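Let's take a walk through this one together, moving from the overall layout down to single residues. Keep the viewer open beside you as you read.

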Amino acid sequence: MRVAEIVMGVVMGIFSLYLMWKSAELPIGWIPEEGPGGGAWPFWLAAAMLLCCIAIVIRGIKRLTPESRSEELYMDKRTFRVFMLNAGGLTVMIGLFHIVGAYGAIPLFLIFYLRFMGRHSWRLTGAFALVTPIVTFLFFEIALQKTLPKGYTDPWFEPIFAFFY
Amino acid sequence: METLALLLNGFAIAFQPLNLALIIGGCAIGLFIGAMPGLGSVNGVAILLPMTFLVPPTGAIIFLGAIYYGAMYGGAISSIMLGIPGASTAVATTFDGRPMALQGKADKALVAAATASFVGGSVGVVLFTLFAPPLAEIALTFGAPEIFALMLMAFATFVGLGGDDIPKTLFSICIGLVFGAVGLDIISGEPRLIFGGIPGFFHGINFLVLAIGIYGIAEMLWTIEISKGEVMISQATVNFRRIMDTLRELLGTWRMMMMGSFLGYFVGILPAAGATPGSLMAYGVAKTASNNPETYGKGNINGVVAPESANNAASTGAMLPMLTLGIPGSPTTAILLGGMVIWGLEPGPLVFTDHPDFVWGFIASLYVANTFSLLINIAFIPAFIWVLKMPFTILAPIIFILCIVGGFVPTLDMHDVWLMLIFGIVGYLMRKLDYPMAPAVLAIVLGPLAEPALRQSLLISSGSFLIFFTRPFAAVIMALAFILLILPLVKIAFEKYKNPTQAG
């Protein structure tokens with residue numbers, strides 16, 4: 001846990017430095033008649049972030065926080081596996097939104113989660129994989145009139161929209 | 001008298017068929033969300049905010065307010081039935097609610113929690129009605145320096161009262177403020193913090209992307225991690241006679257209900273304090289004031305009543321600064337405030353004069369939502385138990401899908417969905433190290449309001465920070481903010497003085 005605390009502090013410190021550099025693309029000082037430059041607000045906030053990160057790392061090294069004193073693993077094998085399956089599943093689903101659209105990705109994600117992670121029956125998995133996209137479509141596309149991504153499946157929806165409108 | 005007339009007009013709005021349906025639907029959804037372990041009002045409001053685009057702003061806030069109330073009621077259900085708090089606000093309910101359930105008095109604990117929630121919510125909303133108009137009137141006189149001082153105080157409360165690691169809290173506030181600055185500079189109009197030149201950053205980072213990332217995805221990943229083992233659901237038999245018996249017994253607890261309600265309400269007004277410390281404090285006071293404190297933790301009904309009345313009163317208290325000052329009193333109200341911006345309303349005292357129907361319709365809806373939450377809560381106890389029995393492997397993917405679609409809908413941009421996933425994963429990894437996430441969400445909402453207030457103030461004073469100390473209201477607020485900021489240092493110094501060997 002202590003190593004994770006220090007590593008997170010260092011990574012966020014580097015990110016703070018990046019934010020400071022990025023903010024400095026706009027003026028960070030005082031501009032006559034205009035007041036503080038556009039980069040001043042994020043620059044000084046990122047500088048404060050950096051100071052916080054330095055404090056976090058020092059406190060981690062000196063074992064002043066409960067996390068840095070903890071002997072527990074940041075992520076044991078089981079937690080890591082569950083995290084990777086969930087985060088990976090979500091990443092693949094969002095990626096599939098670009099290719100097969102929401103109405104292809106949602107049932108595939110449900111099949112993966114319900115059948116392979118939850119070990120539910122094919123009947124229950126099939127019911128959810130079928131009903132969820134239909135409800136999503138009716139609520140978002142028909143009621144809210146918000147178009148979800150359809151990827152290559154876009155032309156398939158033309159007759160459905162023709163039916164509703 | 002004028003307040004009463006406005007409130008009556010508000011009731012006429014709240015009782016319009018659409019709004020009434022939204023209240024009932026919101027309460028029911030909120031109750032179910034609140035009852036799910038790990039999910040609370042903030043998750044429900046964050047995930048469902050994008051669904052409100054179908055209705056006018058008044059209907060939208062009424063719906064979200066009802067979810068907020070419903071979830072505050074629902075949190076007690078899993079605390080009592082499973083022994084797992086539905087949300088942090090219901091932690092104190094577990095102390096005596098769970099032992100009551102294990103003694104076969106689950107129905108009594110559930111009815112006590114619902115009734116106390118009703119009393120807390122009612123007291124809260126009456127105080128809200130009385131305090132809101134005068135506070136809004138004072139706030140109308142505020143200029144940019146006072147507004148910035150108020151925002152600073154909101155952040156200072158997280159440091160002074162949040163109870164989390166101070167560098168981590170400050171980091172969380174600052175990163176939220178920086179994310180709020182992404183997009184176009186409001187004064188020069190120049191692009192700012194466009195990471196990697198990606199066009200999606202030109203429209204800024206929508207607060208919902210961060211809120212759903214943290215309260216949807218990160219929270220679910222966290223809940224999946226901690227709910228490893230099987231949970232034991234208590235059985236509850238609920239019938240009319242048992243409810244009436246419990247209600248009669250509850251008459252004897254009115255003092256605790258009132259204490260919890262008033263304490264919760266005033267703690268709830270403070271940003272960062274909110275319902276969790278409110279309910280814990282109410283529990284502590286109830287135990288200290290009791291003649292037989294040893295019965296607490298073993299199934300004392302007062303141990304359920306005090307925290308439950310406090311957390312509902314606190315949730316109403318948190319709305320007072322949100323509506324009157326434009327400063328949210330809790331993470332959930334931060335999201336409601338962000339919603340107001342999306343619906344095209346300027347948060348702050350001007351809503352009282354510019355949009356009275358919105359404000360008073362919402363306030364009246366809280367009275368109605370409170371009543372419906374009580375009725376739905378008691379009527380649907382068996383249904384909640386059924387939902388709690390549903391495996392998490394069914395609920396989790398549905399909530400994930402809601403998060404993804406909800407993150408896409410406001411801007412119809414896949415860039416936001418990817419960003420939300422990144423926030424969710426990084427938020428989860430940081431939460432494991434006890435980085436508080438609520439300050440970041442509050443900051444991303446307040447950042448776009450705080451920066452112009454600071455820049456305008458400095459322009460007025462030609463760059464002198466003294467402007468925050470020479471105007472009476474601003475100076476008082478700045479002094480309070482300063483006290484809150486140094487409070488943790490005072491605490492550390494005090495502990496060192498008391499325990500020179502342990503401290504450090």
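Chain A is divided into domain 1, residues 2-69, and domain 2, residues 77-164. In this predicted model, the C-alpha centres of domain 1 and domain 2 of chain A lie 39 Å apart. Chain A has seven helices and two strands, and reading along the sequence gives the pattern α-β-β-α-α-α-α-α-α. The radius of gyration of chain A is 24 Å, well over the 15 Å that the globule rule gives for 165 residues, so chain A is more spread out than a compact globule. Along the principal axes, its C-alpha trace spans about 60 × 55 × 25 Å. Of the 165 residues of chain A, 32% count as buried. As for contacts between residues at least 6 apart in the sequence of chain A, 54% join residues at least 24 apart.

Now turn to chain B. Its secondary structure comes to 23 helices and two strands. How does its radius of gyration fit the value for a compact globule, and what is that value? For 504 residues, a compact globule would have a radius of gyration near 23 Å, and chain B, with 22 Å, agrees with this. The C-alpha atoms of chain B fill a box of roughly 70 × 55 × 55 Å along the principal axes. Buried residues make up 60% of the 504 residues in chain B. Of the contacts in chain B with a separation of 6 or more, 78% are between residues 24 or more positions apart.

How do the two chains meet? The contact takes 57 residues from chain A and 47 residues from chain B. On the chain B side, helices α8 (166-180), α9 (207-226), α19 (392-408), α20 (414-431) and α21 (438-460) each supply at least two residues. The largest share of that side, nine residues, comes from α19(B). Sorted by class, the side of chain B that touches chain A has 34 nonpolar, three polar and 10 charged residues.

That brings us to the interior. In soluble globular proteins, nonpolar side chains tend to be buried together. Here, the largest nonpolar core has 211 residues, and those with the most contacts inside it are A:M49, B:A149, B:M151, B:C174, B:L210, B:A211 and B:V441. This core draws at least three residues from each of domain 1 and domain 2 of chain A.

One helix of chain B is worth a stop. Helix α15 of chain B, residues 331-342, has 12 residues and reaches 17 Å from its first C-alpha to its last, close to the 16 Å expected at 1.5 Å a residue. Is this helix largely enclosed or largely open to the outside? Of the 12 residues of α15(B), 10 are buried, so α15(B) is largely enclosed by the rest of the structure. The buried residues in α15(B) are B:P331, B:T332, B:T333, B:A334, B:I335, B:L336, B:L337, B:G338, B:G339 and B:M340. What covers them includes α3 (41-48), α4 (57-81), α9, α14 (319-325) and α21 of chain B. Just after α15(B), B:G344 takes a positive phi of about 90°.

Helix α9 of chain B also holds B:Y215. With 28 C-beta neighbours inside 10 Å, B:Y215 counts as buried. Not counting residues up to four places away in sequence, B:Y215 touches B:V42, B:N43 and B:A46. B:Y215 and B:V45 are 170 residues apart in sequence, yet their C-alpha atoms are 9.5 Å apart in space.

Finally, look at two loop residues. A:R119 is found in the loop between α5 (102-117) and α6 (122-143) of chain A. Its phi is near 55°, a positive value in a residue other than glycine, and with 10 C-beta neighbours inside 10 Å, A:R119 counts as exposed. In chain B, the loop between α20 and α21 holds B:D434. Phi of B:D434 is near 70°, again a positive value in a residue other than glycine. With 14 C-beta neighbours inside 10 Å, B:D434 counts as partly exposed.

Notes:
Residues are numbered from 1 along each chain as its sequence is written. Chains are lettered from A and ligands numbered from 1 in the order in which they are written. This is a predicted model: local features need pLDDT of at least 70, side-chain atom pairs count only at pLDDT 80 or more; totals for chains, interfaces and linings use all residues. Two residues are in contact if their C-beta atoms, placed from the backbone, lie within 7 Å. Helices (H or I, at least four residues) and strands (E, at least two) are DSSP runs, numbered from the N terminus. Ala, Val, Leu, Ile, Met, Phe, Trp, Tyr, Cys and Pro count as nonpolar, Asp, Glu, Lys and Arg as charged, and the others, Gly among them, as polar. The radius of gyration is taken over C-alpha atoms; the globule rule is 2.2 Å times the number of residues to the power 0.38. A residue is buried if 20 or more other C-beta atoms lie within 10 Å of its own, exposed if 12 or fewer, and partly exposed in between; C-beta atoms are placed from the backbone. Domain bounds come from an automatic or database domain assignment. A nonpolar core is a set of buried Ala, Val, Leu, Ile, Met, Phe, Trp, Tyr and Cys residues joined through C-beta atoms within 7 Å. The expected span of a helix is 1.5 Å times one less than its number of residues.
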